[in-house]
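Dear colleague,

Please find below the structure that I am handing over to you. A short account of the findings follows it.

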Amino acid sequence: MNTYFTTTDTPAGPFTMIVDPDEAVLASGWTTDVRGLMALAKLTEHPEHRGQLGVPSKALQSYVDGDFTAIDDVPVRQRSGEFLNHAWEVLRTVPAGAPVTYSEFAARSGRPAAVRAAAMACGRNAAALFVPCHRVLRLDGTLGGFRWGLPVKRWLLDHEDCP
């Protein structure tokens, strides 16, 4: 399968995404490490560089410009088990400006007692921003973890006017 990548400067740092020919996001995050993203998404063939990636690139720019819903309809293709796939779909329904706790995320995912599994879904998310795991916080409102660093998570939440 042909895949493509680009890296775009954002106020939170360089953002790299890998997409398939249908412009579905396979992996993305605040990094310039394409191989690291490939490993995260379990891709074996190195993607071809492109300056722009169509809809995902436009959505990223719109998000940075303040249209937080621009990322909502960008297709994402992540593959895992039933729970993780469902949890990632649930994450896509958490609106900007209204973060949830890991406990709330677990309940929304249909497993209220599975708080650690909900946290694992965030940790294994290969399509950061488009699957907005940054919108999940600890029960006490603190940031918790974020693969791309807590300063990036804080910038995203501040950008979305989150408390």
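A polar contact is a pair of N or O atoms within 3.5 Å; within protein, one must be able to donate a hydrogen and the other to accept it, and residues adjacent in sequence count only if both atoms are side-chain atoms. In this structure, the side chain of Ser57 reaches the backbone nitrogen of Leu53 at 2.8 Å.

The model is predicted: local features need pLDDT of at least 70, side-chain atom pairs count only at pLDDT 80 or more, and totals for chains, interfaces and linings use all residues. Residues are numbered from 1 along each chain as its sequence is written, and side-chain values use heavy atoms, with hydrogens and water left out.

The whole structure holds 5 salt bridges (a side-chain nitrogen of Lys or Arg within 4 Å of a carboxyl oxygen of Asp or Glu). One of them joins Arg77 and Asp20, at 2.2 Å from N to O. These two residues stand 57 residues apart in the chain. Arg77 is partly exposed, at 34% relative accessible area, whereas Asp20 is buried, at 4%.

Another salt bridge pairs Glu160 with Arg135, their closest N and O atoms being 2.9 Å apart. Both Glu160 and Arg135 are buried. Through shared partners, salt bridges also join Asp20, Asp22 and Arg77 into one network.

A further salt bridge links Glu48 and Arg50 at 3.7 Å, N to O.

With kind regards

Note on methods
Helix = DSSP H or I, 4+ residues; strand = E, 2+ residues; numbered from the N terminus. Buried < 20%, exposed > 50% of the residue type's maximum accessible area, 1.4 Å probe, protein only.
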